[in-house]
Amino acid sequence: MSFASLGLADEILRAVAELGYDQPTPIQLQAIPAVLTGRDLMAGAQTGTGKTAGFTLPILHRLSDKAVKGPSAGRPPVRALILTPTRELAAQVEESVQNYGKYLKLESMTMFGGVSINPQIKRLKSRVDILVATPGRLLDHVQQGTLDLSRVEILVLDEADRMLDMGFIRDIKKILALLPKQRQNLLFSATFSDDIKALAEGLLHDPLLIEVARRNATADTIAQKVYPVDRERKRQLLAHLIKENNWFQVLVFTRTKHGANRLAEQLDKDGISALAIHGNKSQGARTRALAEFKDGTLQVLVATDIAARGIDIDQLPHVVNYELPNVPEDYVHRIGRTGRAGAEGEAVSLVCVDEKKLLADIEKVIKRELPREIVPGFEPDPSIKPEPIQQRSQGRQGQGQGRPGSGGGRQGQGRQGEPKAGGQPRQPAGQDKQKQQARQPAAQAGNHNSRGQGARRPTGRHH
Ligand code: AMP
């Protein structure tokens with residue numbers, strides 16, 4: 001089955017061919033024809049399945065195929081709205097929109113917090129056909145009267161489960177109320193919790209349900225391995241593995257921002273170029289780190305779960321769980337970074353005695369036992385007793401604010417990121433977090449394109 005047989009416009013086929021896509025992935029085979037007919041869709045698909053093209057290609061086709069509805073005078077309206085939980089994902093989805101739509105006369109824009117709102121306001125004065133946004137900043141624009149959503153024809157909720165986890169439900173409902181009733185709705189989610197089902201029920205009309213095999217069930221292109229090691233020797237083992245095996249483009253996960261910073265610094269001292277990427281970094285620093293990682297200048301990127309969401313890098317060869325995530329599903333998300341769209345990948349976990357229970361929980365979720373391999377010279381000391389693992393104090397995102405052990409969180413945030421009943425906080429936890437991140441100075445607001453920037457990082461320094 002080819003992309004051409006799905007009935008996509010020639011301009012889109014040309015762009016896809018240039019990207020080297022030979023054939024549609026399973027999610028694309030199902031989603032593209034459905035979206036082209038104008039149907040609502042509820043799709044179970046994780047990052048790495050090709051879901052972005054699954055909704056972007058048919059949206060581009062539909063928008064280029066049909067004239068704008070309604071009055072033709074004045075500025076053309078926003079016709080497609082794609083909501084994502086994080087700014088990284090928004091930037092990457094919009095980059096895909098640009099790549100796939102490069103031969104079409106459609107304009108796109110990203111809109112997210114953490115950067116100055118003014119360039120976005122300016123950008124909105126010219127044509128935007130496809131808007132990719134995070135909910136908090138989008139509502140800021142609506143409040144300021146700089147954004148009109150009354151002529152949106154297609155709505156996408158990407159990674160809807162994450163959006164709910166991050167406490168965006170209230171914002172999503174507010175946004176839905178701003179859209180015309182007559183529209184096409186596409187909901188993508190890696191999991192189908194009761195909350196997602198409830199959201200879908202209120203949102204979707206006669207949706208087509210599609211679900212591609214979860215990566216955890218079919219991750220045969222990902223070699224997964226556990227290295228048992230002592231808590232205090234993880235960093236040495238990681239440096240050893242990277243050097244010994246000559247690993248490049250290594251994405252390393254830590255549980256906390258502080259841990260990410262510390263590990264990146266230590267690796268750098270070990271002669272391995274590494275940077276941390278997490279919510280406390282300025283947008284500029286994140287974009288730079290990502291660009292260097294993509295073009296291979298940077299050997300190791302250390303990330304927290306939320307920062308890594310949606311990092312879209314083709315054929316990422318190595319994912320390392322420096323610490324196991326508290327939530328088993330995050331393990332699946334993490335290893336979904338590698339072995340994408342058929343490419344081979346390797347996901348290794350450095351597991352110390354404290355993490356035995358977490359490992360058991362993960363193996364239960366992925367329904368298989370992970371092979372263990374002890375690296376000579378790094379044999380775990382059987383006399384070391386387990387210590388309790390630092391629990392997250394900040395919502396579901398695993399950003400683990402502050403130093404391990406501080407246990408301190410900002411006040412007024414519910415666990416799991418959901419706004420608590422009563423009180424009616426204006427900002428749910430996730431959005432509040434975004435606002436908090438908005439302290440950073442302005443960086444480029446739109447048109448994120450980190451490919452090929454390749455700015456070299458002066459050595460021994462961290463952003
Ligand atoms: P996604 O699941 O949307 O994050 O996409 C995962 C990766 O697969 C991205 O790097 C895409 O560029 C790539 N991709 C998407 N569709 C295809 C395809 N049909 N063939 C090859 N690669 C693809």
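Predicted model: local features only at pLDDT ≥ 70, side-chain atom pairs only at ≥ 80, totals over all residues.
Q: Which are the edge strands of the open sheet formed by six strands?
A: Strands (E, at least two residues) and helices (H or I, at least four) are DSSP runs, numbered from the N terminus. Two strands pair if DSSP finds at least two bridges between them. The order here is S8-S13-S12-S9-S11-S10, with parallel pairing. An edge strand pairs on one side only, and these are S8 (222-228) and S10 (274-277).

Q: What angle does the direction of helix H11 make with that of S13?
A: Axes are lines fitted to C-alpha atoms, for helices over the stretch in contact, and angles run from 0 to 180 degrees between N-to-C directions. H11 (residues 234-245) packs on the sheet and touches S8, S9, S11, S12 (318-321) and S13 (345-351). Contact means heavy atoms within 4.5 Å. The angle between the directions of H11 and S13 is about 155°.

Q: Which strands does helix H12 touch?
A: H12 spans residues 257-269 and packs on the sheet. Its direction makes about 170° with that of S10. The strands touched by H12 are S9, S10 and S11.

Q: Which strands stand at the edges of the open sheet formed by seven strands?
A: The order is S3-S4-S2-S5-S6-S1-S7, and the pairing is parallel. Each edge strand has a single partner strand, so one side of each is left without a neighbour in the sheet. The edges are S3 (108-111) and S7 (208-211).

Q: What is the average twist from one strand to the next in the sheet of seven strands?
A: The sheet is open and its pairing is parallel. From one strand to the next, the twist averages 15°.

Q: Which residue in S5 is the bridge partner of Leu81?
A: Strand S2 (residues 80-83) pairs with S4 (residues 130-133) in the parallel sense over four bridges, and there Ile82 stands opposite Val132. S2 also pairs with S5 (residues 154-157), again parallel over four bridges. In S5, the partner of Leu81 is Leu155.

Q: Are the residues of S2 buried or exposed?
A: Buried means under 20% relative accessible area, exposed over 50%, and partly exposed in between (1.4 Å probe, protein chains only). Ala80 and Ile82 point one way, while Leu81 and Leu83 point the other way. All of these residues are buried.

Q: Which residues of helix H8 are exposed?
A: H8 (residues 169-178) has Asp171, Ile172, Ile175 and Leu176 buried. They cover an arc of only 140° around the axis (by directions from the axis to the C-beta atoms), which puts them on the same side of H8. On the other side, the exposed residues are Lys173 and Ala177.

Q: How many residues apart in sequence are the parts tied together by Lys51 and Asp158?
A: The closest N and O atoms of this salt bridge are 2.9 Å apart. Lys51 lies in H3 and Asp158 in the loop between S5 and helix H7 (160-165), so the pair ties together parts of the chain whose separation is 107 residues.

Q: Are Lys51 and Asp158 buried or exposed?
A: Lys51 has a relative accessible area of 3%. For Asp158 the value is 0%. Both count as buried.

Q: Which helix holds Arg235?
A: Asp270 and Arg235 meet through their side chains in a salt bridge (2.9 Å, N to O). Asp270 lies in the loop between H12 and S10, so the pair ties together parts 35 residues apart in sequence. Arg235 lies in helix H11.

Q: How many salt bridges does the structure hold?
A: The chain has 463 residues, and buried residues make up 57% of them. Its secondary structure comes to 17 helices and 13 strands. The count of salt bridges is 19.

Conventions: Residues numbered from 1 in each chain as written. Heavy atoms only, no water. Salt bridge = Lys/Arg side-chain N within 4 Å of Asp/Glu carboxyl O.
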